[in-house]
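Hi,

Here is the structure I promised to pass on.

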Amino acid sequence: MTAAPTATRTPPRAPGSAPRPSPRLRAWVTRAPLLPALVFMIAVTQLPFVATLVISFFDWNALYPDARRFTGLANYHEVLADADLRKSVLTTILLTATVVLASLVAGLGLALLLDRRFRGRGVVRTLLIAPFLLVPVAAALLWKHVLYNPEYGLFNGVLHWVGGDGAAQPDWISDTPLLAVELALIWQWTPFMMLILLAGLQSRDPELIEAARMDGAGNWQVFRHLTLPHLRRYLELGALLGSIYIVQNFDAVFTITSGGLGTANLPYTVYQSFYQAHENGLASAAGVLVVIGSIVIATFALRVVSSLFREEVFRA
């Protein structure tokens, strides 16, 4: 026969003592220091987005402010039906996919090298991180003038040094505009991927690697069957975070090609609509679509991050 559970009773309050605050009040007291930061974040991020969302429902040209009128979803329909915008969406997808994949592969190679012990590894790691620490506009200007310039750029200088006076001197930006933007972004984002993958490599179980080598596994077998499956989450995280930022990239396109020669991506198209055509409604609708796409990608990124944390807690 099972005994009935005894009810837990709150101990009586001592006479003359102050009443205990309720759990709800204690929760509010705990969160009170965060309220100024929350209010500031809402004022800086959410209110401008709400204003952008409202403007996106109006036919609003900055040159004719008195002629603005409510048009509902007409701006979104025009944005999605615009041929230039569809082309910029394809350019954004191609640019993002190329940069993310190439920087992941290069970052994986560098992470595997830096995972080994050698003299001066700290200095090499610092030098490899440096491109990611540069201001994006400065990095784009560096590639445009120091490397790509057909008259005094480093690339043509190397071609002249190797081939002599008869060597080809291509105009890299005019001949391969999209590739020129991609190379600059790959150079800047490879250190970011390297850091994420290096953290993943250093979280491997060394005993598991040692056991595999004792069983006769070579370097390729260890990489294929142990290292690569372990890095899967880190590769996903790097791809998702890189996609979030590169989808919104404006600096490299604006600085290197000014959006010409088929390199205009979605953020540059929004810039053209807002600052050059003064179409506030169309630009706001395109901006809202960019934000929605970024939120979708960020949602997958947060799921990957949470799964990584769950795995680490499980191992601990």
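This is a predicted model: local features need pLDDT of at least 70, side-chain atom pairs count only at pLDDT 80 or more; totals for chains, interfaces and linings use all residues.

Searching the whole structure turns up one cavity of 30 Å³ or more, and the volume of the largest cavity is about 30 Å³. If you want to find it, look for P136, A139, A140, A184, L185, Q188, N249, D251 and A252, which line it. Three helices each supply at least two residues of that lining: α6 (136-147), α9 (177-202) and α13 (251-257). By class, the lining has six nonpolar residues, two polar and one charged.

Helix α9 also packs against α4 (residues 83-114): their axes come within 6 Å and cross at roughly 45 degrees. An angle that is neither under 35 degrees nor in the 65 to 115 range is not called parallel or perpendicular, so α4 counts as oblique to α9. The crossing of these two helices is right-handed. On the residue side, the contact of α4 with α9 has 21 nonpolar, five polar and one charged residues.

Last, the loop between α13 and α14 (266-276), where S258 sits. S258 is not a glycine, yet its phi is positive, at about 55 degrees. L261 is found in the loop between α13 and α14 too, and its phi is near 60 degrees, again positive in a residue other than glycine. Are these two buried or exposed? S258 counts as partly exposed because its relative accessibility is 41%, while L261, with a relative accessible area of 54%, is exposed.

Cheers

Methods:
Residues are numbered from 1 along each chain as its sequence is written. Side-chain values use heavy atoms; hydrogens and water are left out. On a 1 Å grid over the protein atoms alone, a cavity is a set of points where a 1.4 Å probe fits but cannot get out, and a pocket is an open set with protein on both sides within 12 Å along at least five of seven lines; lining residues have an atom within 4 Å of a point. Grid points are joined across faces, edges and corners, and a volume is the space filled by probe spheres set on the points. Helices (H or I, at least four residues) and strands (E, at least two) are DSSP runs, numbered from the N terminus. Ala, Val, Leu, Ile, Met, Phe, Trp, Tyr, Cys and Pro count as nonpolar, Asp, Glu, Lys and Arg as charged, and the others, Gly among them, as polar. Axes are lines fitted to C-alpha atoms, for helices over the stretch in contact, and angles run from 0 to 180 degrees between N-to-C directions. Angles under 35 degrees count as roughly parallel, over 145 as roughly antiparallel, 65 to 115 as roughly perpendicular and the rest as oblique. A crossing is left-handed if the near helix is turned anticlockwise from the far one by less than a right angle, and right-handed if clockwise. Buried means under 20% relative accessible area, exposed over 50%, partly exposed in between (1.4 Å probe, protein chains only).
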